[in-house]
Structures are given as structure tokens and as C-alpha cells.
Amino acid sequence: MHSKGEPIAIVGAGIAGLTAGLCLALRGMSVDIIEQAGQLSAIGAGLQLSPNANLILARLGLLPALEAMWTEPDSICLMDGRTLKPLAQVPSGVFARKRWGAPYGVLHRASLQRILIAAVEQQPLCRLHLGMRLESALPAAIAAVTGRAPGLIIGADGVWSSVRTQIPGSRAARFSGNIAFRFTTGSRQAPAVFDASKVMAFLGPKAHLVVYPLRETQTFNVVAIVQGKSATASWDEVLSAGAARDLNSAFSRWHAELQPLFKGHEAPTCWPLYEVSEGAWQDGPHTILIGDAAHAMMPFAAQGAAMAIEDAWELAACLDKGQPRAEALERFVAQRKIRIKKVRARGSFNRFAYHASGPVRVARDFVLSQKRPEDLAADFDWLYGYVPRD
Ligand SMILES: Cc1cc2nc3c(=O)[nH]c(=O)nc-3n(C[C@H](O)[C@H](O)[C@H](O)COP(=O)(O)OP(=O)(O)OC[C@H]3O[C@@H](n4cnc5c(N)ncnc54)[C@H](O)[C@@H]3O)c2cc1C
């Protein structure tokens with residue numbers, strides 16, 4: 001059983017680690033969060049936060065702070081990237097709050113991280129240790145940083161997790177064959193089709209573009225995802241000449257109105273997309289992985305951070321049941337693997353549909369044209385209307 005007096009160490013203060021700290025503290029558990037970065041960086045640009053994540057952030061009391069920063073889009077629109085023809089529209093805004101019990105918001109990732117850190121700093125049961133890179137996540141190495149030996153270690157250290165390498169049966173991250181390019185564009189320079197009241201996904205063969213407003217900077221966040229070969233094992237790479245060519249050629253036949261986005265633009269950052277799709281998350285009662293460290297996925301369903309937030313809530317709930325710790329962790333892994341598998345499958349389906357060409361594209365457009373916005377929304381009930389297990 002996890003004794004509440006026994007400290008828990010969380011490696012990584014990303015979305016997973018910070019949310020887990022808050023969820024555990026809410027249930028009376030003491031937490032040390034250890035982060036290699038000395039200060040916040042703006043890495044990651046924008047984030048779509050869906051209602052399933054926001055239900056949990058609301059339970060943590062963070063909704064007012066989020067509402068002060070984010071935009072709640074009226075709808076999520078799919079558009080043809082070559083013709084700019086609208087293909088489908090899922091209502092959001094007030095509709096999302098009513099249908100899924102929580103809002104849908106878009107904001108800068110750093111804003112969310114700042115809100116989480118402020119909450120952690122006000123929580124007496126959480127201690128944050130910034131600027132501390134752990135070379136090993138063994139209890140003695142953690143105690144050297146925190147001054148106390150942890151009863152449980154939570155690896156929330158992202159897709160290239162070092163905690164994961166200590167778990168027997170875990171698997172390394174694999175390059176997915178897709179690269180994300182991220183940049184922002186000022187509202188004035190943006191193509192006229194960009195609409196600050198919507199999340200827009202422009203679809204095309206082997207590539208798509210997601211655009212939404214960032215209220216904090218009065219810009220549009222742009223994510224271009226293309227199939228590609230370059231696979232350096234790090235994020236936030238500055239654009240190489242080869243990657244710039246990949247980006248330009250993927251969109252060269254898209255609508256003229258979008259072309260200026262890809263030419264002579266401020267250097268986008270380049271994110272080779274890695275996945276962790278199998279392998280163990282748990283080492284007996286000692287160690288557990290959450291977030292990208294456990295199950296990094298493609299951003300085709302925009303759910304990576306949302307899954308990290310759900311993990312955080314459900315892990316705390318499992319540890320709070322009075323079961324022996326190894327059993328509590330097994331229960332957590334069993335229930336989360338089912339959910340992650342389903343979300344990953346939705347992402348794979350989106351990848352297939354978004355990047356379609358030829359007859360598949362024609363069929364996709366026909367099917368979408370037959371669906372009413374409410375029918376499209378109903379397809380998201382299992383995802384956005386999810387209530388985390390207690
Ligand atoms: C292009 C793109 C778009 C995306 N869009 C969305 C979206 O719209 N919605 C959504 O829900 N998700 C989205 N995601 C996914 C989301 O960004 C990630 O799933 C999420 O940020 C993962 O959070 P995490 O806390 O698990 O990992 P990370 O954010 O990677 O955090 C890990 C932390 O651990 C620290 N760390 C690592 N190693 C050590 C160590 N040895 N010692 C100490 N600290 C360490 C790191 O510095 C970092 O702060 C997107 C991802 C990409 C690539």
C-alpha cells in the first residue's frame with residue numbers, strides 16, 4: 001500500500017509531471033518534482049486542450065487561470081488545402097461545454113505550464129526542484145537532489161525518457177515517418193482564410209496543416225505535418241536546408257493563398273515525430289511511467305497532453321485506494337492501456353484520412369459531406385466526454 005507519508009518523486013516537470021504532482025497532493029500525498037530545465041522555455045508553441053483534459057484541470061481549480069489565457073474556438077473545421085473548400089465542421093465553444101461537460105481551449109503550451117507551476121508552488125505538499133537533470137533515476141540519485149528517498153518514482157520525462165530505460169520490458173521511441181514544422185504568423189500577415197474563431201485543419205496528400213489563434217501573442221499557431229525521412233532524435237530543431245525543401249515541396253501544389261506561409265518565413269522549428277507504442281510502463285511497486293514517457297503518440301488527434309493529464313488523475317486515484325502499491329500500479333496500467341490504444345487508433349485513422357489522395361480522398365470528402373455537424377460531434381463523445389476513473 002502507498003503510505004501517504006512516503007514521498008513520491010516525479011522526474012520531469014512537463015504537463016504530465018506537474019499535473020501528477022497536483023493530483024497526488026490533492027489526495028494528501030507528498031511529492032518532489034525534479035526538472036532538468038532551470039527555467040520555462042517556450043518549447044512546443046500552441047496546444048489544443050480538449051474537454052476531457054479540461055474537466056480534470058477544472059477539478060484542480062485551474063479553469064479561471066486558463067480562461068484568462070486561452071481562446072475557446074467556435075468550431076473545428078476541416079478544409080481542403082488545395083481548394084480551400086470547407087469539408088466538415090465540428091461545433092465547439094458553448095456547444096463543447098454543454099455536450100462534453102467542459103470547454104475546448106487553445107493556448108500556448110508555456111501558458112499552461114506556467115499555470116501548472118504556479119499551482120504547484122502554492123501546494124504545500126509539492127516541492128519543485130528546477131535545474132536538476134537526473135542522470136539516473138535510482139532512489140539514491142533522487143535523494144541526493146531532494147534530501148529524501150522516494151517510495152515511488154514516476155517517470156514523466158517525455159518521449160526520450162531515461163526512467164523508461166530502467167524498466168524491464170520497456171521499448172525505445174521509434175521515428176514515425178512524420179515531421180512536424182511549427183511556427184507562428186502575425187494576424188496581419190496571415191492568409192485571409194485563417195479565422196481566429198476556429199481551429200482549422202487543411203488537408204492534402206501526405207501532409208496537413210493545423211492553424212489556431214494564440215490570444216497571448218495575437219498570432220496564429222501553425223503546425224505543418226509532412227511525411228519525411230530526416231530523423232534526428234531531438235525536438236525543436238532549427239530548420240535545415242533539407243527539411244526546408246521537404247516543407248516547401250509538400251505544400252507546393254496547395255492553394256496560392258497559403259503559399260506565402262512556406263516561403264521566406266521566419267525559421268519554423270522542426271519536430272521529428274517519435275512514438276512509444278508498446279512495452280512495459282511499470283517496474284513492480286517502485287517505478288511507473290506516465291505521459292509521453294509511457295505512450296508518446298502522433299499529434300493527429302491532438303491528444304498527447306490530454307492523455308498525460310488523464311494519466312495524472314487516474315494514477316493518483318489508483319494510489320489512493322489502499323491497495324498494495326504494485327497492484328495499484330497494475331490497475332492503473334491496465335485501465336490506461338485500453339484508453340491509450342483507442343486514442344492512438346483514432347490518431348492513426350486521422351492520419352489515413354487527413355493525408356489521403358486519389359479515390360480515398362474522394363470517398364473521404366463524400367462521407368464528410370453527408371454528416372451533419374451534430375453527427376460529427378457525436379463521434380467525439382467517447383473521447384471528449386470521457387470522465388476519468390476515481
Ligand atoms: C507538433 C505537436 C503538436 C502537438 N499538439 C498537441 C495538442 O494540440 N494537444 C495535445 O493534447 N497534445 C499535443 N501534442 C502532444 C503534447 O505536446 C505531448 O504529448 C505532451 O507535451 C507530453 O507531455 P509530457 O509531460 O509527458 O512530456 P514533456 O512535455 O516532454 O516533458 C518532459 C519533461 O521532463 C524533463 N526531463 C527529461 N529528462 C529529464 C531528466 N533526466 N531529469 C530531469 N528532467 C528531465 C524535460 O525537460 C521536460 O520538461 C503535440 C505534440 C507535437 C509534437
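Which helix gives the most to the lining of the largest cavity? Keep that in mind during the tour.

This is a predicted model, where local features need pLDDT of at least 70, side-chain atom pairs count only at pLDDT 80 or more, and totals for chains, interfaces and linings use all residues. Residues are numbered from 1 along each chain as its sequence is written, and side-chain values use heavy atoms, without hydrogens and water.

**Stop 1: T19.** Select T19 in helix α1 (residues 15–26). Helices are DSSP runs of H or I, at least four residues, numbered from the N terminus. T19 counts as buried because its relative accessibility is 0% (buried means under 20% relative accessible area, with a 1.4 Å probe and protein chains only).

**Stop 2: the largest cavity.** A cavity is a set of points on a 1 Å grid over the protein atoms alone where a 1.4 Å probe fits but cannot get out; lining residues have an atom within 4 Å of a point. The count is 1 cavity of 30 Å³ or more. The largest has a volume of about 70 Å³, the space filled by probe spheres set on the points, which are joined across faces, edges and corners. Select E275, M297, M298, A301, V343, R344, G347, S348 and R351 to show its lining. Helix α10 (residues 325–354) gives the most, with 5 residues.

Methods: Helices (H or I, at least four residues) and strands (E, at least two) are DSSP runs, numbered from the N terminus. Buried means under 20% relative accessible area, exposed over 50%, partly exposed in between (1.4 Å probe, protein chains only). On a 1 Å grid over the protein atoms alone, a cavity is a set of points where a 1.4 Å probe fits but cannot get out, and a pocket is an open set with protein on both sides within 12 Å along at least five of seven lines; lining residues have an atom within 4 Å of a point.
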